[in-house]
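Student: Please take me through the packing in one chain, up close. Start with the terms, then give me the detail.

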Amino acid sequence: MAEISEAHDSDSSKSTDNASEAPTQPESEPEFNPKLMRKTKPGLKRLFLTFSVLFSFLLGLQFLWKSVEIYRSPLPFREIDSLSTQLGSDHLIFPLHFHALFVGFDSDPDRLRLSILSEITKLTSQNPKCSHNYTLSVTVDSGSHCLHSPTTSPHSCSYQCGSITAIDFDQNDDVAIDERLVPVFGGKTNEYSVVVVKGESERAVVGKNRRAWVVVGSGREVEIAVVKVAEVLVKVFVNGGREEGSIRNEFMPVGADGRIVLSFNLLNADPRDWVYDWDFRKIDNNLLAPMIEALGPVANISVESQVLYHTPKASFSYWDQQLQSYVFSTKDLPFFVNSNEWHLDTSIAAGGRSKILQFVVYVPSAKECPLLLQLPNGEISNTNGFISPMWGGVIVWNPQGCLKDDNKPTARRTIPMQDLENMFEVFTGQFRQLFGFKSVNIYAGASGVWNLLPSERGFTEWELDVLSRQHTCFNLHSCASTLGSLSRLVQSLPRMIIMDEIGKQVKFSLEAAKLAQSNASNGVYESSAASSRQARSLAEDAFFHPSIMSVSYYSFEHCFAVYSL
Amino acid sequence: MALLQRPFFVLLLVLTHQFMQYWIAFGSVNEEGQKQEEEFNEELLLKPLPDRKVLAHFHFQSSAPPSTSNGRHHHIFPKAISQLVQKFRVKEMELSFTQGRWNYESWGGFDPIPSSNAKPPGVELWAVFDVPQHQIDASWQNLTHTLSGLFCASINFLESTTTYSAPEWSFPPASGNLRYGTLPREAVCTENLTPWLKLLPCRDKAGIAVLLDRPSIYRGFYHSQRLHLTSTGSGSEGMVSGIILEQTLTVVLQPNSQRAGMAYASERHIQPSWSLTSIFGKQVSGTCVLAKSSNVYLLLDRGLVAELEHLHKENEKSAENGFTSQNFWTKPSFELSADPDRIFIEENSLHSKGSSVLYKFQVEKYSESEPFDLSLTWKIPVVWLSQQAPLHASRFLMGSGNERGAIAISLKSTQLSEGFMGANADDERCDLQVNVFQVVPWYVKVYFHSLQVFVNQQPKAISDIIEKIHVSPSKDKVSPGVMEMVLKLPCKVNSAALTIEFDKGFLHIDEYPPDANQGFDIPSAIISFPNFHASMIFLKDDSVNKSPLLSKFQEKSPVMSYTEALLVPLTTPDFSMPYNVITITCTVFALYFGSLLNVLRRRVAEEERFLKEKAAKKTGRLSLLLSKLSAKLRGAWNEGSLRVS
């Protein structure tokens, strides 16, 4: 402190000295030593020296800059931004074509069309992410002639006037009617058609394909029919017949790489009592293969199975005298899965980001057989199974009669084929539930009950359409948000190395996303789902590239450590 | 006695051989007729060791036949292993976790157990792939990561090219697609055993695996857990190849001596009596219901049997009791708590020393109410020696300092195998072939030209002794150095030694492992004797073929032994060095810039002039002091006013 103030003082004194001495210069003139006086003009040499040092420093700085430069592959930031703004500003619109056919009516098709449209707008809830752009055409077939509205609609052309009559709907075999309707509207059209006929037995059925029919009784048939048609179009064909908010759309049991592994496990709780085995290969070929093929555009599904032993459940059940069985209540269900002893294992065959759904058949031991699951209302579950969203499902299977063969307890027995088929029906239902669909074949709407025809493939065509649309929407948004995060991350870390591979993945992901968008707007749901899946998985690959992962936790302080550079 | 037994055996062998042929033919028809299923077998072999210890060798074998659904649908075979084989196209693989060192001198080195189950400390992994040459390294790297996750071990460190090598011919399952790597410092504990047990259908809930009580097995002197898998060729088109998974656990335990206060003259020669409860603290209460066979064996090795026979003969001479050779095994010098279901006697064709005896106990007979607890009580003191490999190998470091050193491998003849050599001695050129395989990390820079060979302490020309040598020198930070050699030593050799010099390299600061001052491990060298086969041939019998463990014993595998892992101290830097460097650099920069600025800013000549002027003006000391004081006061006043404001 003292030194500084002294220096300050000397400086100031110097300046004052200078100032005071300026006038006294002549006085000290005689004492001036010419030897010490400088000869050259001051400043130039000094300036030259200063600048040369500065110049060499700047030159060296460039070299230093060049030597610590890192490779960054150029990323298409602008395109990423435009993708997310496009998706954000509601550019993903799925076109839907509706066709309502009134057989045996003689109303004005234009008036019908307008009233259906107004009902549809009443029912439509605006999805913030993806919207639908629908066109409606109405045909009134009065037997002798047909009236179309709008007259120039390109979609109603496939219907041959007079090819169906009300008599076709008299029979009670809905499956046969569904088959009958296929050639009427042409085999392969993407439009959703509803047929309204007059008849005695009132019913409403949704077929396996994209067709539904309503039989209305006499009376205010037109008004009822309009409400029903609007409801089936919006609630069933567009929303998949699920209640709002039952399972959120984001709950998609599909891995980030677009793959699902269905891992089936048969758990013998105590093999000392009995050992059950199954013929899974047959099940795989007969029951699962059609469903997997049907879901092909949505996810790439693979199936594997194993049998595990010594796998008790984690919680206890109690003996119910009335039911003559052991009962496990719903509130204990979170403790049913025993993660210590059930080594269900993640699959090695699956990639790192695949989704694994575990389906478990639990064979209880002799001392807790038969084991039943109790619903919260005290009833016994019909399926004797439960699901855990995003994890999978469990079914308890009780051996016939719970009889222990004391003579040969170690003999391996096979679960009867009939039981296995029942079990897999339950599994199909559980699988549908995991995807957000209902496991029952009835849709109860505001205007009445719709009977939904089940498909032998597990998912009907219109359900697959719903899934495809939903997946395209979800995948594209997820892809856009992943790419957006990546671009923000890359821009926020200027010292991060970006490999060429990441650049390529981003590019391909954007291309796939564009393809998906254009396919979606053309109404090709399957291929748009497939390419959106690809876009998402590429975006995830780019984001989780190992070279980024190692750098994203790199703090600025590390720059000071000479050796880490 | 042996001579008397010989014709009987031969006759039986001929008979059984004919029977076997018939049986094999029948078996193949059977295989085609009915579909093969996945199988599981569990076996345990117990063997008393000469130094009062007991060897327990657990052997679990699961097999999956060739099928179209391997890797997808499984009933008993572990799905994870099958998927691993399918994904990485593994033809054969072995992974071992070992703690402790196999004591070749006292525990033997010639039997099938030491030669295939004695492993180097830490982790050893080798794998043969069924992929094109250029994909092998990628497959290996992925495999190490998968195994690392599967077994909770740092096997992923074997991913780096500096840690694994590709032996050409000296490693026994030699093949071009082989990769071999070791981690000598990996610690092995229960977290590795639990995933290993998960591959068994009954885990340690039932069957023989119940004995695997963690505290007892990790208290042992040696503990080696091994997983070996072989994929058998696919049967037909479209079929995925079958897999045989062999899981073994070898432990050497010290039984707690049960007899306290028994005063024998030769107390220390008395072998301790033991039972399953005393060594494991548990007993077997039944089989794993999924196992096809579940057996416990007690093996008495050749040396012990010879000694017992000798003792028995002496007894016979002195007591003149009418013992015949037939009831010798039923009334031996020890007592077993359970009656063996079968006794196998080794087919003794080569070894003059005697033949090993195997007692078989079937666990199926026992249940929870009547658990199986085998115990062995010695009645007389016995001293014997285990059979050794032809040469005992040891490896050590020479030299001092942190700059250079030398590795020496010393091979010493074991007296026991002399008789063995004697058989071939009449041949003039009798050679003992020894294969040496050694991997050296790159930072130990070996000079291969400095290889020296000594036979019976005399230096020999390399070309006389080394028949074949293959060297791939290490590349810095890329690959380790590999040395493979075939030595031809004369049969009468007493000792042989190989020395090779090396320089110690320098590592980059972030290549040092934690605790670098401990030193760096050089993996064990493998010494194998291709002319000697470790196999025990039992009388061909139905039950021998059914038992995977016994059929493993009958396989002809070359005798192998591992040397010690070496610990090389390298120069370790002061790890605070970067910060010192930063400090010094900053000081130098500060000095440079400070002086530069000083030079640029100050006008020394002018200042001197002014000072002189001042000195001329104010010479009075008092005035100087006064002016200083006033300046200080003024300064303080200024500061004070500043603070106030």
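Tutor: A salt bridge is a Lys or Arg side-chain nitrogen within 4 Å of a carboxyl oxygen of Asp or Glu. The model is predicted, so local features need pLDDT of at least 70 and side-chain atom pairs 80 or more, while totals for chains, interfaces and linings use all residues. Residues are numbered from 1 along each chain as written, chains are lettered from A and ligands numbered from 1 in written order, and side-chain values use heavy atoms, without hydrogens or water.

Chain A splits into domain 1 (91-246 + 441-454), domain 2 (259-435) and domain 3 (466-564), with bounds from an automatic or database assignment. Salt bridges between them number zero.

Now strand β12 (residues 355-363) of chain A. Strands are DSSP E runs of at least two residues, numbered from the N terminus. Nine of its nine residues are buried, so β12(A) is largely enclosed by the rest of the structure. Buried means under 20% relative accessible area (1.4 Å probe, protein chains only). One side includes A:Leu357 and A:Val361, the other A:Ile356 and A:Tyr362. Strands pair if DSSP finds at least two bridges. Nine bridges join β12(A) to parallel β7 (residues 259-268), with A:Leu262 opposite A:Leu357. Five parallel bridges link β12(A) to β15 (residues 392-396). There, A:Ile395 partners A:Val361.

Key: Buried means under 20% relative accessible area, exposed over 50%, partly exposed in between (1.4 Å probe, protein chains only). Helices (H or I, at least four residues) and strands (E, at least two) are DSSP runs, numbered from the N terminus.
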